[in-house]
Amino acid sequence: EFAVIGGRSVGALHIYGYADECQVGLAGLQYVRHSFGNIGPVRVDYMGEVIPVIALREPAAFDIYNNPATKQQTTIYGADIVPAGARLFLFPRARLNPYFVGAGGLAFFASPILSPGGTKLNFTAEFGTGAQYEVSNRLGLRLGYSVFHLSNGNTGRHNPALDNNFVYAAVVYRMHTLKRKR
């Protein structure tokens, strides 16, 4: 199946990252293949994404300690490739299907992000949950929440990293028809 996905952050967390006053928005395509089989009643799918548009809003200037030095914001654009992902569908044949998701990838930005000592190349990770509603045998709608992590993995002089609450929606098109329980 293929999905057009879009989302944005709705608040910061401090799990591994401590960058403040930053928001992320993205739009892209997702590919899901039902290739990992089942673990009991749970279906495990491979998931990959190509995110050609990431918009990172961050402070326009930082102080010597890499803290925001102004309330002014700037937007830095980038792209993300997410080759490693999995989704666990709890009730694969139900019309409303809750799931868990985990994925990781590489993001490249037009300029260094999150601090003057940051890098253009960064890593992304997401872990979350959501639900997919089957509109028809080929069309679905998805809403989800993830903890979204963005970091250079300590490959730069500085790595403040970013952890955000992230909400997203997707329109899903299935190449095969869905078989439901009767």
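Modeller: In this predicted model, Leu56 is in contact, leaving aside its neighbours within four places in sequence, with Cys22, Gln23, Val24, Thr74, Thr75, Ile76, Phe109, Ile113, Leu114, Leu150 and Leu162. Three of those names return when one turns to the largest nonpolar core, which has 28 residues and in which Leu56, Phe109, Leu150 and Leu162 touch the most other members. The elements that give two or more residues to this core are strand S1 (2-13), strand S2 (23-33), strand S4 (42-59), S5, strand S6 (96-109), S8 and strand S9 (162-173). As a general background, nonpolar side chains tend to be buried together in soluble globular proteins.

The pairing of the strands comes next, with S4 as the one to follow. S2 and S4 run antiparallel and are joined by ten bridges, and within S4 it is Gly48 that stands opposite Tyr31. S4 is also joined to S5, again in an antiparallel manner, by 13 bridges. Strand S3, which covers residues 38-39, runs antiparallel to S4 as well, with two bridges between them, and Ile39 has Val42 in S4 as its bridge partner. S3 and S4 form a hairpin with two residues between them, and Gly40 in the turn has a positive phi of about 65°.

Arg87 lies in strand S5, which spans residues 73-89, and it counts as buried because its relative accessibility is 1%, where the limit for buried is under 20%. Not counting residues up to four places away in sequence, Arg87 touches Glu1, Gln30, Val32, Arg43, Val44, Asp45, Met47, Tyr99, Phe100, Val101 and Arg142.

Strand S9, one of the elements that contribute to the core, also holds Asn165, which is buried with a relative accessible area of 17%. Apart from neighbours within four places in sequence, the contacts of Asn165 are Arg8, Ser9, Val10, Gly11, Ala12, Leu13, Tyr145 and Ser146.

Finally, there is the surface to consider. Strand S8 covers residues 139-151 and includes Leu139, which counts as partly exposed because its relative accessibility is 33%. Together with Leu96, Tyr133, Val135, Leu141 and Val171, Leu139 makes a nonpolar surface patch of about 500 Å².

Conventions:
Residues are numbered from 1 along each chain as its sequence is written. This is a predicted model: local features need pLDDT of at least 70, side-chain atom pairs count only at pLDDT 80 or more; totals for chains, interfaces and linings use all residues. Side-chain values use heavy atoms; hydrogens and water are left out. Patches are made of residues with over 30% relative accessible area and no salt bridge: like charges are joined within 9 Å, nonpolar side chains (Val, Leu, Ile, Met, Phe, Trp, Tyr) within 5 Å. Accessible areas come from the Shrake-Rupley method with a 1.4 Å probe; for residues, only the protein chains shown count as cover. A salt bridge is a side-chain nitrogen of Lys or Arg within 4 Å of a carboxyl oxygen of Asp or Glu. Helices (H or I, at least four residues) and strands (E, at least two) are DSSP runs, numbered from the N terminus. Buried means under 20% relative accessible area, exposed over 50%, partly exposed in between (1.4 Å probe, protein chains only). Contact means heavy atoms within 4.5 Å. A nonpolar core is a set of buried Ala, Val, Leu, Ile, Met, Phe, Trp, Tyr and Cys residues joined through side-chain atoms within 4.5 Å. Two strands pair if DSSP finds at least two bridges between them.
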